[in-house]
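Please consider the sequence and the structure displayed here. The explanation below is meant for a reader who meets them for the first time.

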Amino acid sequence: MKKRLGPALAVLLLITLAGCGGRPSEDDLAEALQEKDNNFFGYLGARSFAEADDEVIDCMAKVLHDSDISDEGLELIADDKLDKPRIAGSISAADDGEFSDDDVKALARVLPEVMDCAV
């Protein structure tokens, strides 16, 4: 009985750990974007969309989720870890130690679509 319990516990632990981390869901991103003090929009040099309706926020979350931004980059948004304000149009990795170069490029590519959600 004990021999069977060990492998079963190991499998359960692996399944549990597999659910940790990873790409934030659209719901996680939407919830973060709705927070009035979330720094994502400040990072872009834009005003907060915290008072935007759910449809706008859900659209933005979907665009970000479906983008080429890495799981780690999306976690920074979902966890509100982007703490350096940006000036619109000057997104670059040179000033920022949080987003990778690839994430900065991916964000720049998807930014027009994110902003289209608000119109």
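The paragraphs that follow treat the disulfide and then a charged patch.

The model is predicted, and local features need pLDDT of at least 70, side-chain atom pairs count only at pLDDT 80 or more, while totals for chains, interfaces and linings use all residues. Residues are numbered from 1 along each chain as its sequence is written, and side-chain values use heavy atoms, with hydrogens and water left out.

A disulfide is a covalent bond between the sulfur atoms of two cysteines. The angle about the S-S bond is -65°, and the link of Cys-59 and Cys-117 is left-handed. Cys-117 is buried because its relative accessible area is 10%, whereas Cys-59, at 30%, is partly exposed (buried means under 20% relative accessible area, exposed over 50%, partly exposed in between, with a 1.4 Å probe and protein chains only).

The surface also carries a patch of negative charge, whose members include Asp-27, Glu-31, Asp-54, Asp-58 and Asp-79. Such patches are made of residues with over 30% relative accessible area and no salt bridge, like charges being joined within 9 Å; a salt bridge is a side-chain nitrogen of Lys or Arg within 4 Å of a carboxyl oxygen of Asp or Glu. Helices α2 (26-34) and α4 (54-66) each supply at least two residues of the patch; helices are DSSP runs (H or I, at least four residues) numbered from the N terminus. Asp-79 lies in the loop between α5 (71-78) and α6 (101-116), and counts as partly exposed because its relative accessibility is 48%.

Technical notes
Patch = residues over 30% accessible without salt bridge, like charges linked within 9 Å, V, L, I, M, F, W, Y side chains within 5 Å. Areas by Shrake-Rupley, 256 points an atom, 1.4 Å probe, with all protein chains shown as cover. Lys, Arg positive; Asp, Glu negative; His and termini not counted. Charge placed at Lys NZ, Arg CZ, Asp CG, Glu CD. Disulfide = S-S within 2.5 Å.
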